[in-house]
Every structure is written in C-alpha cells, then in structure tokens.
Amino acid sequence: MTAGTADLAGRNRRRRRNTPYLLLLPGLGFLALFFVLPMLFLASNSLQTGNIYDGYALTWHWHTYVQVFSDYHQQFIRSFEYAGMATVAALAIAYPLAYVIAFKSGRFKNLLLVLVVAPFFVSFLVRTLAWQSILADDGYIADGLRTLHILSSGGRLINTPFAVVCGLTYNFLPFMTLPLYASLEKIDVRLISAAADLYAGPATAFRKVTFPLSLPGVVAGTLLTFIPAAGDFVNVEFLGDPLHQMIGNVIEKRFLVQTDYPAASALSVLLMAAIIVLVIIYTRRAGTEEIV
Amino acid sequence: MAATAAPSTTSAPRTSAPVPRGRSAGSRALRWVRNHITQAYAALALLFLFLPVAYVLLFSFNNTSSRFNERWTGFTWTYWRHPCAVPGMCQSLKISLQLGAIATVGATLLGTMIAFALVRHRFLGRTATNLLIFLPMATPEVVMGSSLLTLFVNQASPLPLGFWTIAIAHIMFDISFVVVTVKARLQGLDPRLEQAAMDLYATPLQTLRRVTLPLVMPGIVAAALLAFALSFDDFIITDFNAGSVVTFPMFVYGAHQRGVPPQINVIGSLTFFLALVFTAIGQLGRGRASRKHA
C-alpha cells in the first residue's frame with residue numbers, strides 16, 4: 001500500500017506477495033463454504049422434486065417457480081409495499097434527526113448519537129414484543145385513541161398493517177439514521193453559508209446544497225432499511241394478522257413447518273433475485289454506485 | 001461537488017441565513033423558530049425511539065397477573081429478584097452468550113485478517129473480495145438462513161442442526177461487519193507511523209506488534225463488540241439452523257404465543273444497561289486517547 005513499506009520488504013518480496021492470500025484464505029474460504037455454497041444448494045434445491053421422507057432428486061423442475069409465483073405473488077407485492085412504506089417513514093423520521101445531530105447539537109453530539117443507537121441495545125425480539133404490548137387492544141394507546149374517537153370503538157391497532165409497518169420502521173431505524181448522519185456530517189458547512197451568501201433561502205440552500213450532498217447517505221440508508229424489512233417475518237408474526245403475511249412468513253413456514261424444500265427454496269431465490277434487481281435499478285437511478 | 005451550490009439559485013432574496021450570521025432581529029427570530037422546529041421534530045423522533053425502551057424498563061417491575069403484560073397493575077421487585085424463575089429462559093440465555101463468544105472470536109480473527117489484506121496489500125481479485133464481503137450484508141436474512149439450512153440438511157453434511165450450525169452461521173454473517181469496521185480504522189491510520197518504525201530497524205513483525213496493532217485495536221474492539229451484539233440478537237438466521245437448540249431470541253419468539261413472562265423485560269433491561277455501559281467506556285476511552293495524541 002505504501003511506498004516505504006514496499007521498499008523495506010523488498011528483500012522478502014516473494015513472501016510478501018503471498019501474504020495477502022494467506023490473510024484472505026481462511027476468511028474467504030469460510031465465506032465460500034458457508035455463504036456461496038449454500039446459495040448454490042438453495043438454487044439446486046429449488047429445482048428438485050421429492051419429499052422429506054423419500055429424499056429429493058434434481059429434476060430441473062422449473063415449474064416450481066411458476067407455481068410459487070402464482071401462489072404467492074400477493075405476499076411478494078405486500079412485502080415490497082410494507083418495506084417501501086417503512087423505508088419512507090424511516091427516512092422521514094431519521095433525516096431531521098440526523099440533521100439535528102450533524103449540524104445543531106454542538107457539544108451534545110456524542111450523547112445524541114448514543115441516544116439514537118441505545119434503544120437497539122434492547123434485543124430485536126424483546127422490543128418487537130414490547131410494541132405488541134404497547135399497541136395491544138387493552139393497551140394505553142389503543143384505549144386513548146378510542147376515547148378520542150380517532151379509533152372506532154371496535155377498532156384496533158394490533159394485528160393491522162399499520163402495526164406491521166410501524167414495527168418495521170422502528171426496528172430498522174438505526175440503519176437509516178447512521179448512514180444519513182455520516183454523510184451529513186461530512187458536508188462542509190461553508191458550502192451552505194456560500195449558498196446563503198448567494199441569496200439562497202434556507203429552503204433553497206437545503207434543496208440545492210445540503211440534500212444533494214447527503215444523497216450517498218440517503219441511498220445507503222434506504223437500501224439498508226428496505227432489504228431487511230422486505231425479508232422480515234418477525235414483525236408480521238408479532239404485530240400483524242395471519243391473513244396479511246409477508247413473503248418471509250411464507251418462506252419460514254414452507255421450510256420449517258411444511259418442509260416443502262423445493263417450493264421454499266424457489267421462493268428464497270425469487271426474493272433474492274427481486275432484491276438484486278431492485279437494488280441495481282435504484283442505485284442507477286440515484287446516480288451513485290457507492291453503497292457502503 | 002461545489003457545482004451543486006451554483007449561484008443559479010436566484011430565488012426571492014431572503015435575509016435569514018442557515019448559518020449563524022443573522023442580519024436583523026426579525027431574521028434572528030425567524031431562524032430561532034426554524035431551528036427549534038427541526039429540534040422539536042428530532043425530540044419527537046427520540047420519543048418514538050424510546051417508547052419501547054421505557055415500556056421494557058417499566059414493565060419489568062409490573063406486578064402483572066395477565067398473560068400479556070399490557071397494563072400497569074402495581075410495583076414489584078419479584079422478577080428482578082428471580083429472573084431465572086421462567087423455565088428454560090436462563091438456559092437459552094447461556095446458549096446465546098456462548099454462541100456470541102464463539103462467533104465474536106471467530107469472526108474477529110477472520111475479518112481482521114481480511115481487512116489487513118484489503119488495506120495493506122495489492123493483490124489480484126480485490127474487486128471479487130470486496131463483492132464477497134458486501135454480499136452477505138445485502139442479502140435478506142431469510143435467504144441466508146434458508147440457504148444454510150439446505151446445506152446442513154444435505155445428506156453429505158457431517159453436522160447435524162444444532163449449536164455448531166448456529167455458530168457457523170453467526171461467524172459467517174459477522175465477518176463482513178468486522179471487515180468493514182476494522183477497514184475503516186486501518187484506512188484512517190497514518191502510514192508514516194509504520195514507516196518510522198521500520199526506519200528505526202523494527203522488523204515487519206515488530207512493527208505489526210508494537211505499532212500497527214495497538215493503533216488498530218480500538219477498531220478491532222469495536223468490531224468484536226458489534227459481532228457479539230449481532231450474534232446475540234440474531235433470530236431469523238438462527239431460527240432456520242437451530243434444530244432443537246433454543247437461543248434467547250428464540251425463547252422470546254416462543255413466548256409471544258404462550259404468554260410473555262415479565263422476566264423477558266428484565267433481561268431486555270439488563271442487556272440495555274450493559275450495552276450502555278460498554279458504549280460509555282468506549283466513548284471515555286476514545287476521548288482520553290484523542291487528548292493524549294493532541
């Protein structure tokens with residue numbers, strides 16, 4: 001990497017040339033074995049026929065894909081809808097928050113950063129369970145909203161799409177806030193004052209300077225929120241109703257309850273493919289290739 | 001970049017500036033309101049963030065008789081005094097801690113080595129390596145979990161589903177996060193410090209041990225803490241590969257159907273405070289280190 005290091009190691013050039021490979025081998029080998037290989041197994045499983053008792057055989061049965069798509073396209077669409085809504089909501093909540101931390105927090109910056117991350121020190125399942133109790137029919141919030149007639153007397157919060165989107169928004173919020181903060185914090189404030197000097201009002205300065213410069217954070221944050229949200233099944237399980245499942249629920253049940261591996265694998269492959277396509281289109285559109 | 005701040009923004013000239021340089025009392029008042037709107041909004045966002053935390057802390061003391069801990073019915077220390085009274089919960093906690101420790105050691109070791117190779121060496125296959133590090137972070141957990149399941153249930157697999165398959169899964173998804181964290185720290189390092197050590201006749205190994213590693217250590221520690229947190233918290237990937245082993249998140253998942261013991265909130269509060277203490281130590285350590293270098 002650096003000239004000085006290379007010179008000094010000159011006498012041992014061959015050993016040095018091998019060093020990176022020796023450093024990479026164990027880790028990349030592990031990833032090849034337990035990330036890449038399983039993906040191939042998944043793809044292969046999706047084209048097999050058989051059942052768990054008699055075993056499966058690879059028969060290139062492409063029809064499974066047609067079958068699962070016609071059976072579950074609704075859940076696919078719903079997953080992307082919920083994940084999309086949660087991503088927009090998370091952006092709306094996190095952007096002002098990250099903005100305040102980056103530009104207006106002064107000596108409280110570190111404290112605020114800790115505060116933003118701290119809620120996620122409560123385990124994912126425990127905090128989702130907490131939302132289940134908070135939004136419950138007997139809970140204080142549902143009661144209060146009924147008293148105010150915002151919610152009808154039989155109306156509920158739990159087991160609704162609203163609760164699921166609320167849970168998804170909440171659970172993946174730090175993945176939105178932190179990249180936004182990172183890119184806002186890098187902005188040279190003199191650029192914003194230059195915009196003001198050139199008679200841009202605060203809104204114009206934000207629209208023409210601050211926001212475009214924070215775009216890498218917006219892209220990274222929306223992706224890091226959307227991807228886990230689209231594949232999640234815990235929020236539906238805790239906060240939603242069985243009639244409005246996401247694709248993650250279908251995959252989980254198909255694998256672990258029905259042990260219908262070919263169909264479940266095909267659904268997994270479809271989800272992965274859909275997300276890759278969406279990510280590529282989105283990053284092209286947003287005009288930045290820099291994701292992390 | 002600066003082109004986006006082009007002078008073409010000749011909208012109606014307004015006097016209030018977004019940076020401290022108010023020109024009149026009126027604009028100062030306007031700015032005050034504007035500033036505090038965003039701050040009030042941020043405060044609301046924080047309230048949203050802390051609502052479940054407040055619930056978990058408060059309802060760990062709730063003397064509840066309902067299966068689902070939803071309304072306040074009186075204060076009690078019972079659950080804090082007997083956190084392990086719920087059958088199976090503390091056993092699951094122990095398993096999660098063991099898994100966390102194994103995943104942390106494994107992933108920190110493997111990931112740190114990759115980070116060193118990426119920052120300190122030129123080699124063929126850099127782009128492929130970066131892609132292989134990035135992909136696990138961009139893959140939905142259901143896909144990773146289910147693909148590992150198809151690997152482990154294959155007849156040729158020597159490992160039955162259980163503790164070690166979970167450990168492998170956790171090391172796997174932790175590696176990328178370790179690489180990214182350590183890489184960031186390594187890139188921020190002044191290469192002249194290592195050059196100086198070598199100029200003073202330190203061998204490459206001595207340089208690594210006496211100069212590079214101590215300087216990178218904060219990054220490695222941060223990576224290890226992150227790896228532990230991710231492993232301890234993971235549910236979806238674990239769910240696919242656990243066999244009959246029950247980790248703490250899996251225990252909580254089961255509890256949501258059977259009824260929620262308030263002790264879950266005790267454990268939630270404990271992990272919250274522990275993580276907070278670690279963060280505070282980290283912040284203090286960083287503050288002291290930066291003062292020393294200044």
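Helices here are DSSP runs of at least four residues, numbered from the N terminus. With that in hand, welcome to this predicted model, which scores ipTM 0.87 and pTM 0.86.

Let us start with one residue of chain B. Gln187(B) sits in helix α6 (residues 163-187) of chain B. Is Gln187(B) buried or exposed? It counts as exposed, because it has 12 C-beta neighbours inside 10 Å, and a residue with 12 or fewer falls in that class. Gln187(B) also lies 6.6 Å from Val119(B), C-alpha to C-alpha, although 68 residues separate the two in sequence.

Next comes the meeting of the two chains. On the chain A side, 91 residues are in contact with 88 residues of chain B. Helix α2 (residues 13-46) of chain A gives the largest share of that side, 18 residues. The side of chain A that touches chain B divides as follows.

| Kind of residue | Number on the chain A side |
|---|---|
| Nonpolar | 68 residues |
| Polar | 18 residues |

Now look at helix α13 (residues 247-256) of chain A. This helix is largely enclosed by the rest of the structure, because 8 of its 10 residues are buried. Among them are Ile247(A), Val250(A), Glu252(A) and Phe255(A). Their cover includes α3 (63-103) and α14 (261-286) of chain A, together with α5 (141-152) and α9 (236-241) of chain B.

Finally, a word on confidence. Chain B has a mean pLDDT of 86, with 89% of its residues at 70 or more. Over residues 1-17 of chain B, however, the pLDDT is below 50. Where pLDDT is low, the predicted coordinates should not be read in detail.

How values were computed:
Residues numbered from 1 in each chain as written. Chains lettered and ligands numbered in written order. Predicted model: local features only at pLDDT ≥ 70, side-chain atom pairs only at ≥ 80, totals over all residues. Contact = placed C-beta atoms within 7 Å. Helix = DSSP H or I, 4+ residues; strand = E, 2+ residues; numbered from the N terminus. Nonpolar A, V, L, I, M, F, W, Y, C, P; charged D, E, K, R; others polar. Buried ≥ 20, exposed ≤ 12 C-beta atoms within 10 Å, placed from the backbone. pLDDT = per-residue confidence, 0-100.
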